[in-house]
Amino acid sequence: MSRLLCPKCHRPLKTCICRFITHISNDIPVIILQHPNEVTQSKGSLTLLANSLSQCTVIIDEDFSQNEQLNQLLAHYKEQAYLLYPHKQAIALSFDKFNNSAKNQEDKIINNNNICLILIDATWKKAYRMFMLSKNLQRLTKLQLPDGYQSHYKIRKTSVINGLSTLEACCYALSLLERNKKKYQPMIENFKEFNQFLLSFQKRD
Ligand SMILES: [Zn+2]
C-alpha cells in the first residue's frame with residue numbers, strides 16, 4: 001500500500017508535523033545553511049522552522065564559497081549579514097542594558113533595520129567543516145547566544161550546537177535581535193510538543 005504524504009511537510013500523514021507549525025512574522029530575515037547529510041537527518045525540525053517563519057530561506061550545500069544563491073544574498077545584505085556561530089570574535093547577544101563596548105556593538109546591529117541572520121544546520125563537526133570550507137562565511141560578523149539556554153531537543157543529542165537545535169537557537173537569536181522576549185515563545189512551546197510527538201513514535205518502534 002502506498003503511503004500518503006502530507007502535501008505541506010511531505011511526511012506520511014500519520015507523522016504529519018503541520019500542527020506544530022507556529023506562523024510568526026519575523027522582522028529579521030533568516031537564512032539557514034543546511035548540510036546535505038542533514039536533509040534526511042533533521043527529523044522535521046527544520047521543516048517546522050522554515051514553515052513557521054514568514055521570512056526563511058534554506059540553502060543546501062557544504063562548501064558555500066561558490067554558492068550563487070548565498071552569494072547573491074550576501075551581496076544584498078553586505079555588512080548587515082550576521083552569522084550565528086560560536087567563535088572567539090563573536091559578539092555575544094544579551095538582553096542586558098549595560099553600557100559597555102560589546103553592548104554598543106550590539107546596539108548598532110539591533111538598530112539597523114536591514115540585517116539578516118544566518119544559521120548553520122548540521123552536526124557540530126559538520127558545521128565546523130562547512131565554516132572552514134566557506135571563505136564567504138568566515139568573513140561575516142559572528143554572533144553568539146549568551147550561556148544558559150536549555151534545550152528541549154530530546155531526539156538527537158549529536159546534532160546541536162551549544163546544546164540547542166537550530167530551531168531553538170534561531171528563536172532565541174531573533175528574540176534578542178528584535179528585542180522581544182515573548183514573540184517566539186509559542187514556537188518554542190510547539191517545539192516541545194513536537195519533541196513529545198516524535199518520542200512517542202520512538203517508544204513504539
Ligand atoms: Zn504535514
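Helices (H or I, at least four residues) and strands (E, at least two) are DSSP runs, numbered from the N terminus. On that basis, the secondary structure of the chain comprises 8 helices and 6 strands. This is a predicted model, in which local features need pLDDT of at least 70, side-chain atom pairs count only at pLDDT 80 or more, and totals for chains, interfaces and linings use all residues. Residues are numbered from 1 along each chain as its sequence is written, and side-chain values use heavy atoms, with hydrogens and water left out.

**Overall organisation**
- From the N terminus on, the order of elements is β-α-α-β-α-β-β-α-β-α-α-β-α-α.
- Of the 205 residues in the chain, 49% are buried (under 20% relative accessible area, where exposed is over 50% and partly exposed lies in between; 1.4 Å probe, protein chains only).

**Zinc site**
- Cys 6, Cys 9, Cys 16 and Cys 18 coordinate the zinc ion through their SG atoms, at 2.3 to 2.4 Å; donors are N, O and S atoms within 2.8 Å of the metal (3.2 Å for Na, K and Ca), and water is not among the atoms, so sites may look incomplete.
- Along the chain, the donors of the zinc ion follow the spacing C-x2-C-x6-C-x1-C.
- Cys 6 and Cys 18 both lie in the segment before S1, 12 residues apart, and both are buried.
- The arrangement is tetrahedral because the 4 donor atoms around the zinc ion subtend angles of 106 to 113 degrees; four donors qualify as tetrahedral if all angles lie between 85 and 135 degrees.
- For four tetrahedral donors, the ideal angle at a metal is 109.5 degrees.

**Strand S1 and its partners**
- Strand S1 (residues 30-34) is largely enclosed by the rest of the structure, because 5 of its 5 residues are buried.
- Val 30, Ile 32 and Gln 34 are buried on one side of S1, and Ile 31 and Leu 33 are buried on the other, so that both faces are covered.
- S1 pairs in the parallel sense with strand S2 (residues 56-60) over 5 bridges; two strands pair if DSSP finds at least two bridges between them.
- S1 also pairs in the parallel sense with strand S5 (residues 116-121), over 5 bridges.
- Val 30 has Cys 56 as its bridge partner in S2 and Leu 117 as its bridge partner in S5.

**Nonpolar surface patch**
- A nonpolar patch on the surface is formed by Val 39, Val 58 and Ile 60, which together have about 220 Å² of accessible area.
- Val 39 belongs to helix H1 (residues 38-41) and is partly exposed, with a relative accessible area of 42%.
- Patches are made of residues with over 30% relative accessible area and no salt bridge, with nonpolar side chains (Val, Leu, Ile, Met, Phe, Trp, Tyr) joined within 5 Å and like charges within 9 Å.
- Accessible areas come from the Shrake-Rupley method with a 1.4 Å probe, and a salt bridge is a side-chain nitrogen of Lys or Arg within 4 Å of a carboxyl oxygen of Asp or Glu.

Methods. Tetrahedral: all angles 85-135°; square planar, octahedral: opposite > 155°, others 65-115°.
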